[in-house]
Amino acid sequence: MKRLQHIRGHIVSADKNMNIATTLPSPLTTHVLNTAQGVPGANMTISLHHLNPISSEWNLLTTGITNDDGRCPGLITKESFIAGVYKMRFETGKYWDALGEPSFYPYVEVVFTITDPSQKYHVPLLLSRFSYSTYRGS
């Protein structure tokens with residue numbers, strides 16, 4: 001039963017996630033890894049934004065919280081995923097505070113351009129208290 005509950009976290013987002021589409025696989029995924037402790041970055045708040053090309057303002061699309069594996073399933077639906085500039089904001093300061101650890105970065109914003117929304121995009125965040133790294137995965 002415990003294994004089924006763990007797997008559920010990979011398939012369906014937790015009830016505490018807000019505004020997360022969970023019915024279909026997302027064309028945009030992320031995975032937070034706490035490299036300082038060698039564990040997934042669980043319970044981190046993430047928000048996804050899209051840049052309005054006319055007004056140059058960021059529009060909030062969704063927010064969620066990473067599951068026990070450091071993933072946030074269902075970030076965006078295929079229908080809502082369009083070409084443009086996106087931003088994922090990771091609330092790293094609150095994450096480290098919850099672990100009782102000081103950190104240097106209060107948040108991390110990863111800005112990226114989507115030119116072909118038919119592709120799958122993976123934006124992982126490798127994190128320690130005083131550094132972070134990201135890349136485009138598959």
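Rings of Phe, Tyr and Trp (for Trp, the six-membered ring) are taken to pair if their centres lie within 6.5 Å; planes under 30 degrees apart count as stacked, those over 60 as edge-to-face and the rest as tilted. By this criterion, the structure holds six aromatic pairs. The structure is a predicted model, in which local features need a pLDDT of at least 70 and side-chain atom pairs count only at pLDDT 80 or more, while totals for chains, interfaces and linings use all residues. Residues are numbered from 1 along each chain as its sequence is written, and side-chain values use heavy atoms, with hydrogens and water left out.

The pLDDT, the predictor's confidence in each residue on a scale from 0 to 100, averages 88 for the protein, and 83% of the residues score at least 70. Over residues 1-22 the pLDDT is below 50, and this stretch has 31 contacts in the model beyond near neighbours in sequence, a contact being heavy atoms within 4.5 Å. Where pLDDT is low, the predicted coordinates should not be read in detail.

The secondary structure comes to two helices and ten strands. Helices (H or I, at least four residues) and strands (E, at least two) are DSSP runs, numbered from the N terminus. Along the sequence, these elements follow the pattern α-β-β-β-β-β-β-α-β-β-β-β. Of the 138 residues of the protein, 41% count as buried; buried means under 20% relative accessible area, exposed over 50%, and partly exposed in between (1.4 Å probe, protein chains only). The accessible surface comes to about 7900 Å², of which 56% belongs to carbon and sulfur atoms; such areas come from the Shrake-Rupley method with a 1.4 Å probe, and for residues only the protein chains shown count as cover. Among contacts between residues at least 6 apart in sequence, 64% join residues at least 24 apart.

Strand pairing was assigned where DSSP finds at least two bridges between two strands. An open sheet of four strands has the order 3-2-9-10, with mixed pairing. Its edge strands are strand 3 (39-40) and strand 10 (131-134), each of which pairs on one side only. Within this sheet, three bridges pair strand 2 (residues 32-34) with strand 9 (residues 125-128) in the parallel sense, and Val 32 stands opposite Leu 125 of strand 9.

Strand 4 (residues 45-51) pairs in the antiparallel sense with strand 5 (residues 58-65) over seven bridges. Thr 45 stands opposite Ile 65 in strand 5. Six residues lie between the strands of this hairpin, in which Ser 56 takes a positive phi near 60°. Strand 4 is also joined to strand 6 by five bridges, the two running antiparallel; here, Lys 87 of strand 6 is the bridge partner of His 49. Strand 6 is in turn joined to strand 7 by seven bridges, again in an antiparallel arrangement, and Val 85 has Thr 113 of strand 7 as its bridge partner. Five of the seven residues of strand 6 are buried, so this strand is largely enclosed by the rest of the structure.

A nonpolar core is defined as a set of buried Ala, Val, Leu, Ile, Met, Phe, Trp, Tyr and Cys residues joined through side-chain atoms within 4.5 Å. The largest such core has 22 residues, of which Leu 28, Met 88, Phe 90 and Phe 112 touch the most other members. Two or more residues each are given to this core by strand 4, strand 6 (84-90), helix 2 (92-98), strand 7 (108-114) and strand 9. Strand 7 provides the largest share, four residues. Excluding residues up to four places away in sequence, Phe 112 touches Leu 28, Gly 84, Val 85, Tyr 86, Met 88 and Val 123. Phe 112 also forms one aromatic cluster with Phe 81, Tyr 86 and Tyr 121.

In helix 2, Thr 92 is buried, with a relative accessible area of 1%. Apart from residues up to four places away in sequence, Thr 92 touches Met 44, Tyr 105, Pro 106, Tyr 107, Val 108, Leu 125 and Leu 127.

Tyr 105 is itself partly exposed, with a relative accessible area of 28%. The rings of Tyr 105 and Tyr 132 have their centres 5.1 Å apart and their planes at 85°, so the pair is edge-to-face. Because Tyr 105 lies in the loop between helix 2 and strand 7 and Tyr 132 in strand 10, this pair ties together parts that are 27 residues apart in sequence. Tyr 132 counts as partly exposed, at 37% relative accessibility.
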